[in-house]
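Keep the picture open as you read.

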Amino acid sequence: MNDRFRNSLSKTTVCVLLLLLLAGGATAALPRIVSFQNGFTQLFGGDNNLLRSDDDNTVHLHLDQYTGAGFRSSDMYNHGLFSARIKLPSDYTAGIVVAFYTSNGDVFENTHDELDFEFLGNIKGKPWRFQTNLYGNGSTSRGREERYTLWFDPSKAYHRYTILWTASKIIFYIDEVPIREILRSDEMGADFPSKPMALYATIWDASNWATNGGKYKVNYKYAPFVTEMTDLVLHGCVSNPIQDLQSDNCVRMDKQLENIHYNNITPRQRTAMKKFREKYMYYSYCYDTLRYPVPPPECVIDSTLRQRFKETGRPDFDRRHRRHSRKRSHVLSSQIFEIQDED
C-alpha cells in the first residue's frame, strides 16, 4: 500500500480492512477442486473466447466485439457449495457483467431458482461494483438485490467467491469473509430456492444497464476483456431436476453441508460481515420501503443501516424490467430490477 493511498484512508476504513483481513486470514480447507473436463461444459462463445489452462484448472473467459463467453456445470445439484477464485478485467470495464451464479432456468423457465454474484464493470479510475441476488420459484418480481463495493481491487489478484446453499440458509462469501446470510423461514415459502441448480459463469455485454443504468457502454477499444477463474469447487448432491425423490446420498450430503465450516460463521467472521455491510453495502432491498413498504420476511433490520438508508435503501433509482432473448436466457433472469448507480 503506497503512502498516498494510506493517507487517504479514514480510521474507520482502516479498522474495517483489518477486521476483514483477520476474518480471512486463516483459510480453511475447501472440498475437492474440480477440473473443467470433469465438471463443466462450454455454454456459449467461440473457441477463442473460452481458453483452458494446460492443467485444466483455470478458465479464461473473453469478451470481444463479436461475443462473450460462458460455461456451466455438467450436472445439477440439490444444495451445495459452489466456489471459484476469480480475477476480473482491469482498466476501462464499463458495460461489462461477469456473473458467477447458480440457476435452473433451462429446466424451469417460468419457476426457476437463482443465486447470483454479478460483477458490474466501471469507467477507468472507478472501482468495480457487484451485487448479490436470489430468486425462488420464478419470483423475479420480488428481487432481493444488494449492491456493494470492495475493499480491494478485484482485477489485481485472485479472490475466492463462494455460494453456500443448504436446506436452511444461503451464505455468500468473499475469501473467508461472509458478506450476506439469508435464513430460510416459513414465511418465505417457495421464494427460497428449492430445486436443483447448475453453476454458471459468464462474461457479456450489458451496456444497456450495467454501469450507471446504461450511461456508460462497453468500449471495444479496450477489448478483449478477460476474466480468469481457477480452482473451481462443486460440492453437493448431483440430482435430476425432474425427479422429486431425494436419494439417501442427498440426505447425507445435506447433513454434511450443515456441518461444513462455511455453514458455521465464527464470532470474528460475524463481526467482519457486520462491518463490511456497514461500510461497503450501498443498496439493500430490505431498506427500500418505497419498493417494499413491509420488508420481506427474511430481512433482519439493523438499526445502523436503517438510519443510513433512510426510506429508499438506495442511491438514485430507475425501475425497469428487461427481457432477454432466448440466447441470453442463460446469462441472467428473464426479468431484472435495475438500480441506477451514482457516478
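Two strands count as paired if DSSP finds at least two bridges between them. In this predicted model, strand β9, covering residues 146-148, pairs with β15 in the antiparallel sense over three bridges. Within these strands, R147 stands opposite Y283 of β15.

Strands of a sheet pair through backbone hydrogen bonds, either parallel or antiparallel.

How many disulfides does a search of the whole structure find? It finds two, and they are set out here.

| Disulfide | S to S distance | Torsion about the S-S bond |
|---|---|---|
| C237 to C250 | 1.9 Å | about -70° |
| C286 to C299 | 2.0 Å | about -80° |

The torsion of about -70° makes the C237 and C250 disulfide left-handed. C237 lies in strand β14 (residues 225-238) and C250 in helix α4 (residues 248-259), so this pair ties together parts that are 13 residues apart in sequence. Both C237 and C250 are buried.

With its torsion of about -80°, the C286 and C299 disulfide is left-handed. C286 and C299 both lie in the loop between β15 and α6 (303-309), 13 residues apart. Are C286 and C299 buried or exposed? Both are buried.

Finally, if you number the bonded cysteines of the protein chain in sequence order, the pairing reads 1-2, 3-4.

Definitions and conventions. Residues are numbered from 1 along each chain as its sequence is written. This is a predicted model: local features need pLDDT of at least 70, side-chain atom pairs count only at pLDDT 80 or more; totals for chains, interfaces and linings use all residues. Side-chain values use heavy atoms; hydrogens and water are left out. Helices (H or I, at least four residues) and strands (E, at least two) are DSSP runs, numbered from the N terminus. A disulfide is a pair of cysteine sulfur atoms within 2.5 Å. Buried means under 20% relative accessible area, exposed over 50%, partly exposed in between (1.4 Å probe, protein chains only).
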